[in-house]
Structures are given as structure tokens and as C-alpha cells.
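Please open the model in your viewer and keep a selection tool at hand. The stops below move from one element to the next, each with something to select and something to look for.

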Amino acid sequence: MKAIKKNLTEEEYLYLDFSHQTKGCIFPLHTSVTLFLLSYCDCKIFKICLVVTKEVSTDSLLLRDDLIQDVEIQIISRQELPPIVQNCCLPAVVERSDNFCRAGLAVVLRHIIQKSYEADPLKKELLELLGFKKTCLKACAEVSQWTRLCELTIPLAIENFLRESFDQPPTIPVEILQLEKKLSEPVRVHNDDKLRRQKLKQQKADGAGPPLTKGKAKSKVHTQETSEELDSASKSLELKVAFSKLTVQEEPAITNREPSHIRKAKASDLPPLEHVFAEGLYFTLADIVLLPCIHHFLVIICKKFSEKLVEFPLLTSWYQRIQEVPRVKTAASKCGIQFLHLPELLTTSNEQHPNLSEVPGVEEQNDPLFIGGPRPTMAKLMENGIEVMFSPHPCPTWTLDWNVLPAAVSPKEGKMSSDRALRKQQQLNNLVYVVTNQAKPGDRIVDFCSGGVTLIENKELSLIRAKKRSNELGLNNIWFIQANMEYFTGMFNIGVALHACGVATDMVIEHCIKTRASFVTCPCCYGFIQNTSKFNFPKSEQFKKTLSYKEHMILCRFADQTAAQLPPQRRLIGKQCMCLVDLDRARAAEECGYSVQVISMEPESCSPKNNMIVGIPI
């Protein structure tokens, strides 16, 4: 298909990276995934632009007809992107005003689903892709290992796998084995106990019938693509529940009271629920993301190394089962995906491949049980010359003149109590004083200040509310970007974060250090701090030599105990723990060439989390 060129003037624009194309796939895989979702949703409301690399000519590029059907595509160079998009990783969606951008795969895909539903409210099944409480892939990749696996590491690992020459049998990417391990784990859903008791009853009646993954389901799904009815008797309870949702039927319900032996069965004696789809029983956005990636991986495996299929039987079962979902085959064929016919593998979820025991889990939880209080840890730090120490506040009595500012600027215009609005004003007084004393004419400030401002936030509603207030004020120097931190690639001079939760503070500081920008951060939710794929605690060499990870977590746990209703002595210990955690962050930044202060905001009553970490590159 010859790409069409025309001016970008209206509607929402969807920008996708384009590096190259092969039979059945456009690269990078993020682009193939996005096009597959558009096809599945039958979404025609976006103007789609492929953004080519320097090596590709926009004039000579011909897109394969088998890759994109019924979609009008425009080819542009990176230089033609709107300025706000040039500061972000693709994929990205921009509104007509060009000052509101959504960037990153998960954010963009969730937006496509929402807009597709708004365009046709009869498509209620599209909202089901967002999962229970609409949280599928909502947590950012920096803190959720599952989001990171689906959004980043599996697409990247498979792209790297497809580049190999394969002179000899390849090593299966560890990310594929992680997904296989995830599919072997018991499913947890909101009505978990009820369904497990139903399954126990079914097993008693069937004499402990076959597990879900042993072979293929014998019946077909009643969909738009086939008129045969479900043969429910041949399916496990999990399949009944999963496909009843896909066919817009009620989930299997308990009409009569369960027999006594079923009701009294201990939770530990109930059979686990097995995976039907990637996140459990229900078809979600995670399956949409994984399908194009896994398909192209399996094409290579089946063509050259079919004996390797035994290493991931649950993944192959998932691949076969997903083809039964309504509209998946049609959507896939429009994107050049021709499903493979795989041999049946009789391995069940209880018969893991031996290599899986060495594969790290997708969601690893830290031990929440700590014995003892923080005093031994604090004493250990003191013995090594590390004490609670705050830098003096540069101007504790300074305040904005809120009475002369437009009403829409004040936190009082937000949905909060008058007491909380006052405390928020006091918090902003501290930030504004420090930032304005660092800012120079022409500086770009990420989050808040006078001058050019960029607001970066992963929560869509927060940005929409901020944009509304900006419009009321007639401001034209603010950009709004809904994205995870690592998807913002623009240059800036000062980074600001008020009450960034847990490791979000560390993400802000790291981003500022990479850009050699100053930072003013007010941490929050110390109890949520934990090791991630990007950060290990303690962070600084000084603290690493003194504290173990578990001892650092003790400080984080008690740093959250600063609420006003707690006894004064307990609040004092909490404040000291806050200071020590932030001193570790400060020392780590100093090791990267920064001058850093930990300052207590004034008045201290403005917030239980009243620390500021202020860093300036040397």
C-alpha cells in the first residue's frame, strides 16, 4: 500500500515508530501491537502516522498490503513531529491542541480502548480488556514487574531474538520462561473462593476430571466467526467462566446451596484456578500486547526448532486458546498474522519444565515482616558517622501572595477540604521559593513554576483536571504529558515533584541527574520503597557499607509513621527515619556530582511528609 501524505490539521493523531517490515510484521513490535489493537477494536478515529528513522525514505516507502488493511497511514519523519511528541518515546497520541500528549505503549493502548468505547458505547466488551477495576497494565513499568514484562522486556527480547542468525539451536529468552512460569501460577480473582469451591464440586462429580491445559478444548466458542454453540460439559470451570464473559453471558452461578462438605472445605484444600489467559481467567489488554510478540517468536521456533516447544507448553496452549476469542482471528489476519497450528502438548501446569525453577518470578514480594523497631538500625548508622541532619530552610517565612493570584491557581479550587487546601498552599510556598531561586529566564521546568512548564503524570484524570484549570487561566506555556517517567526524553532545567510516591521520587531524581537538571522533590509513601528493576536500596555507597536491604526497609517502614494523631515520640522517630532515608538519596546524588540538601518544609504542620530534597549539579 502506498503511504498517503497530507497535512496534520485535525482530530487525535497517533504516532508510531517504524524501523522496518517483514512478512507479517512491522517493527518495532510496539507498532505491531498498537495496529493489532486498532484492528481488534475496529477503531478508525485516529489519524495514524508512521515515524520513520533517518535510514528510511518517506517518499520511497511502500507498506505491505498484508500488514495493514482498511487503515490509512501517513508517513512522516521525526522532524515533522509536533514539538511535544519530540520530547517523548513513541507510541504517542496527541490532541488537536498539540499540548496534551499520551506516550508509552500501555498508556496509548488504554486510551485507544477508552476512545473506541466512547465512539461506540455498544462495544462494552472493549472495556473488559482493561480488566477488574480497569487496572490492566495501569501500574507503571518502573514499579510493576508484570507491566514491565508485557510492555518492555518481552517485546525487546523477541526483537533481539528475531535478529539472531540461528546457526545452532537458540537459547530461549528468559522473558519467555518468565511468562511460562507466570502461566503456571494459581489464578487469583475477586470471587476466588466461590469459584474454587465450584471447581471442587465439579471435580468430585467428575471424579477429578482432566486439568485445563491437558490438550485442546474440544468445543468451539460461539462467536461472530462460528455459529456452533459452546459444549460446556467438555470444558473446565475456568474455560466456562472465561468464555461466558467473552460471549456476553452470565458467569456460571451457584443457584443452590453447596453441599456441606463443599462449604466446610478448608481454603487450603480447595483446588487452585488455572490460567485461561495471561492475567488469569479473562481476556485482557495483556493478551493483546503479548499476541503479536509471541506469534513472531513461535514462527521462528516452529520453522527451525520445533523440539523447543516442550520448554513452554502452557504458552503454546495460551496461543491456541486465544485464537478462539471473538474477532481475534479476523483482527490478526488484517495485520498479517496467520496463526500457526501447533502440536498438542500434554504437559499440565503442575508439570513445569525443570529450567523454570531457576527463573525469577514476575511479581516478587518483599518480606513484610520485620522484627524489632528502628532504633538498632539508627544506632548502627550513628556508629558509622551517619546521623539525622537537616539543612536550614533558606527562608521559612516566605509565602506566595495567594490573594492576588487568579482563583484557579489556588488549591482551594480543587476538590479538597479548606484545611487540606491551606496545607497544600504551604507546601507550594516551599517549592516555589526554592525553584524560583534556581530558575533562570528561559529555563524549562518539569511540573510547576513560572516560565515554560511540562506536567508529567501517569494518572489521566489528574492531567485532565490540570488542563481544565490551565485553560480557565488562559495559559499557553504548559505541556501536559500522560506517560511514565522514562518515556519523557526532553531536555529541561529543573525537575519538581511534590509527594512523589515511593520510588517515584527516585525516578524523578534519576531523570534529573541524566539530564543534569536541578531537582526539588518532596518524597512520600516511604513504606512503598522497595528494590525494583532500576533501583536497589540502600542507594549510596556510604549507606551500602553500613546497612543491609532489610535494615533499610525497616527505616522506610517507620518513616511512614509521622501522622499527626500518633504520639509525639513516635512521630519524632518517624521524622528521623524519613531524614535517614532521604540522606541516602542525597548521598547517592552527591556521588553523581550534585550538591544536595535535605530540608524540612515550613511550617512542619503543612504535611506529615514534609521533607524536601534539593539538588543542584556542580
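Helices (H or I, at least four residues) and strands (E, at least two) are here DSSP runs, numbered from the N terminus. The model is a predicted one, in which local features need pLDDT of at least 70 and side-chain atom pairs count only at pLDDT 80 or more, while totals for chains, interfaces and linings use all residues. Residues are numbered from 1 along each chain as its sequence is written, and side-chain values use heavy atoms, with hydrogens and water left out.

Of its 618 residues, 53% are buried, where buried means under 20% relative accessible area, exposed over 50%, and partly exposed in between (1.4 Å probe, protein chains only).

Next select helix H16, residues 504–515. From its first C-alpha to its last this helix reaches 17 Å, close to the 16 Å expected at 1.5 Å a residue for its 12 residues, the expected span being 1.5 Å times one less than the number of residues. H16 is mostly covered, with 9 of its 12 residues buried; among them are Met507, Val508, Ile509, Cys512 and Ile513. Step just past the end of H16 to Arg516, which takes a positive phi of about 55°.

Now turn to S14, residues 611–617, where 5 of the 7 residues are buried, so the strand is largely enclosed by the rest of the structure. Strands count as paired if DSSP finds at least two bridges between them. S14 pairs with strand S13 (residues 594–600) in the antiparallel sense over 7 bridges, and selecting Val596 shows it opposite Gly615 in S14. Strand S12 (residues 518–524) also pairs with S14 in the antiparallel sense, over 3 bridges; here Thr521 has Ile613 of S14 as its bridge partner.

Finish at His499, which is found in strand S11 (residues 494–501). Which backbone oxygen does the side chain of His499 reach? That of Lys609, at 2.9 Å, which can be set against the cut-off for a polar contact: a pair of N or O atoms within 3.5 Å, where within protein one must be able to donate a hydrogen and the other to accept it, and residues adjacent in sequence count only if both atoms are side-chain atoms. Leaving aside neighbours within four places in sequence, His499 is in contact (heavy atoms within 4.5 Å) with Lys424, Gln427, Cys522, Pro523, Cys524, Ser607 and Lys609.
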